[in-house]
Structure formats: C-alpha cells, structure tokens
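Please keep the sequence and the model in view while reading.

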Amino acid sequence: MTKTELFKFFHDLAIVPVVKIDDAAKAVPLAKAMIKGGINTAEITFRTDAAEEAIRRISEACPEMVVGAGTVINPSLAEKAVKAGAQFIVSAGLNPETVRWCNEHDVPCCPGVCTPSEIEMGLSLGLDTLKFFPAETSGGVKMLKDLGGPFPKLKFMTTGGINPANVQDYARTPNVMAIGGSWMVKADLIENEKWDEITRLCEEALRLVQCMELVHVGINTADAAEAKKVADTFTAFGMTLNDGNSSIFMDKSIEVMKSPFYGAKGHLAFKCPDLERTVSYLGKKGFTVKEESVKYDAKGKMKVCYFNEEVGGFAIHLVKG
Ligand code: 3PG
C-alpha cells in the first residue's frame, strides 16, 4: 500500500490497535480474533522480544492483516520490522534518522509528537500525518483542536490513554485520522487467550467511533395535502411545524415527506461526524450507497447520503453532524 492508500485505510477503519505481545505463538490467533471483530490492522510494538516474530507470523498467515511495527526507536529496528513484513512504522517519539530511513525506503511512518516544535520537525521531514502521543496526558482533544489552528492540514493518529469512555471525543475531532490504543488487545487478554473478548472489544470500538445517533424519522406520504394532514396531527403532540419545499419538519425529529420518497415507509436519519468512515463501516455490513442521494460540503466531504438497502421498510439516511 502506498502511504496515501494506507492513511485512507486507517481513516476509514478509524482504529489501530497497539499490541504488546510476549509469545509469538499467540500472534496468529490474536490477528484472527481482531479480523473477526472487523479490525484488520495492528501496530505490533517492539517492547518485547516476540515482536519481530509476531509480525512475521501474522504477515504470512493473515494476508488481509495490515501489520505494522510500533516503538521503533531507530533505523535498524525499522529495517528489521520491514524485513519481517511490517507495512508501516510507528514510534512514540520523532527520530529524524528513522523517518529518513522510512522516506528513503518508501515505508509509511508515523512518528510520535506532542508539541508544536516536534510537529515542525515532522513537517520539515516531509510528513503530513503524525502520531499524537501520549494523547490524554498531552492535553487530549483540546490540545488537538488548538494544534489545528497553526497546523490546519496536519492529521494525527492519537494514542495513549484512549478507551471506550473517551474514544468518541477523538472520533469527533476533525484532525484525527485514526485512533490507536491497547484497550481491545491488552497484554493480559492475549496472555490468557481471551480471543472472543478481543473480538467483542474490536467490534465495540468500531461501533463507538461511528458516533451514530438517530436524529429524525422520515414518513412518506402521497402528496403535499396528506403531508399537511399528518403534520397537523403531530402538532397535537406539542411539536412545532416547519414547512419546507419537499417536506415538513416536526421539531427536528419527524420529517413528513410531501411525496413517496426513499424507503417503502420512510427513512431513519442517523447523524455521524464522518460519513466516509461510516459508509465504509456499513459497507462491510452490506449497505451500499444510493449514489444519486449523495451531497458534499465545500471541502468535498460527504454531508448526506442514503443507502439502497432498507431496514423494516425504512431507508437509512446519514447526515453529517
Ligand atoms: C502507544 O504506544 O501508542 C500506547 O502504548 C498506547 O496507549 P494505551 O496503552 O494507553 O492505549
């Protein structure tokens, strides 16, 4: 994968587990548990002697797994990792020698930074995506938002102290490309071969980062007259009527369509911060985008879409928010 393809893959997947493994024999079952949970990437950290062999075994046994190396503190470790099959290099800090080695060998790398000066060093080495580590200790999403001011084009892979309780805050932060963390692959889960639990935690992480929330229900009617009748009825429930061109909104939670629109019965609208990411996530669950329904914002990011597949007679609608 090229760097652009890899970072697009990270963005769409959103989660990059950070693995510390003591026994290379557990690497392949671990990778299979993660893949089953929908996560086909991992940063295997050089914090144990088993890292190199774990990378080798996963690369050989699970070609669908995009495996990388973490805690790569110098160029010779990067070389070792790449020879074992690592497709990307991550480090806690920024070592210019390691970055130069990766650049010379066309290996995508994501070194860690947590200050503006380190970021500028990364930029001067030609990088446009950096790891923000340790994220929580270094100011978390507030710091990321502040860094977005002077460095508007820079994207971050954030790790350090992220877990199911705060992962959505990071998923909603626009300059976060992807979120790393060890919570779904904790060393004790691996040690005790808790593969089902790892699968469950991976599925949960992917679900959480979509930040999907039901925001309105669309009801189809035959025409404007029927729509008006339906809407008037809802006013009895204390809802305020907002008449539009093609529909009438009751507060913000019910949209009465003035014609038979998408969905046999109507539609369910979910808001989420990153439609590209959620389209990719739901795509793996069999949902295909209704191309003619897609609208983009000024930056070329998807802001609304509908899917071809219906659920219980309802079309599914995504709205950026
Ligand atoms: C890393 O190197 O990215 C961290 O060890 C991962 O942080 P976490 O263990 O707090 O998730």
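## Terms and model

Helices and strands are DSSP runs, of at least four residues (H or I) for a helix and at least two (E) for a strand, numbered from the N terminus. The model described here is predicted.

The peptide bond joining Phe-133 and Pro-134 is cis, with omega about -10 degrees. Pro-134 belongs to the loop between S6 and helix H7, the latter spanning 140-147.

Strand S6 covers residues 129-132 and includes Thr-129. Is Thr-129 buried or exposed? Its relative accessible area is 5%, and because buried means under 20%, Thr-129 counts as buried. The side chain of Thr-129 also makes a polar contact of 3.1 Å with the side chain of Asp-128.

## Surroundings of the ligand

Phe-133 is also one of the residues around the ligand. Sorted by class, the shell holds two nonpolar, five polar and two charged residues.

In the case of Ser-182, an N or O atom of the side chain lies 2.6 Å from an oxygen of the ligand. Gly-161 takes part through its backbone, a polar atom of which is 2.7 Å from a ligand oxygen. The ligand taken alone exposes 320 Å², and the protein buries 82% of that area.

Strands of a sheet pair through backbone hydrogen bonds, in either a parallel or an antiparallel manner. In this model, eight strands make up an open sheet with mixed pairing, and their order is S10-S11-S12-S9-S13-S16-S15-S14. Strand S10 (241-243) and strand S14 (295-296) are at the edges; each has a single partner strand, so one side of each lacks a neighbour in the sheet.

Within the sheet, strand S9 (residues 213-219) and strand S13 (residues 266-272) run antiparallel and are joined by six bridges. In one of the pairings, His-216 has Ala-269 in S13 as its bridge partner.

## Cysteines without disulfides

A disulfide is a covalent bond between the sulfur atoms of two cysteines. How many disulfides does the model contain? The count is zero. Cys-114 is in no disulfide, and the nearest cysteine sulfur, belonging to Cys-110, is 14 Å away. Cys-114 is partly exposed, at a relative accessible area of 24%.

Cys-272 is buried, with a relative accessible area of 0%.

## Positive phi angles in two loops

Thr-71 is not a glycine, yet its phi is positive, at about 55 degrees. Thr-71 sits in the loop between strand S3 (66-70) and helix H4 (75-84), and with 18% relative accessibility it counts as buried.

Glu-193, likewise not a glycine, has a positive phi of about 55 degrees. Its place is the loop between helix H9 (187-191) and helix H10 (195-210). At 45% relative accessibility, Glu-193 counts as partly exposed.

Definitions and conventions. Residues numbered from 1 in each chain as written. Predicted model: local features only at pLDDT ≥ 70, side-chain atom pairs only at ≥ 80, totals over all residues. Heavy atoms only, no water. Near = heavy atom within 4 Å. Polar contact = N/O pair within 3.5 Å; in protein donor to acceptor, adjacent residues only side chain to side chain. Areas by Shrake-Rupley, 256 points an atom, 1.4 Å probe, with all protein chains shown as cover. Nonpolar A, V, L, I, M, F, W, Y, C, P; charged D, E, K, R; others polar. Disulfide = S-S within 2.5 Å. Buried < 20%, exposed > 50% of the residue type's maximum accessible area, 1.4 Å probe, protein only. Pairing = 2+ DSSP bridges.
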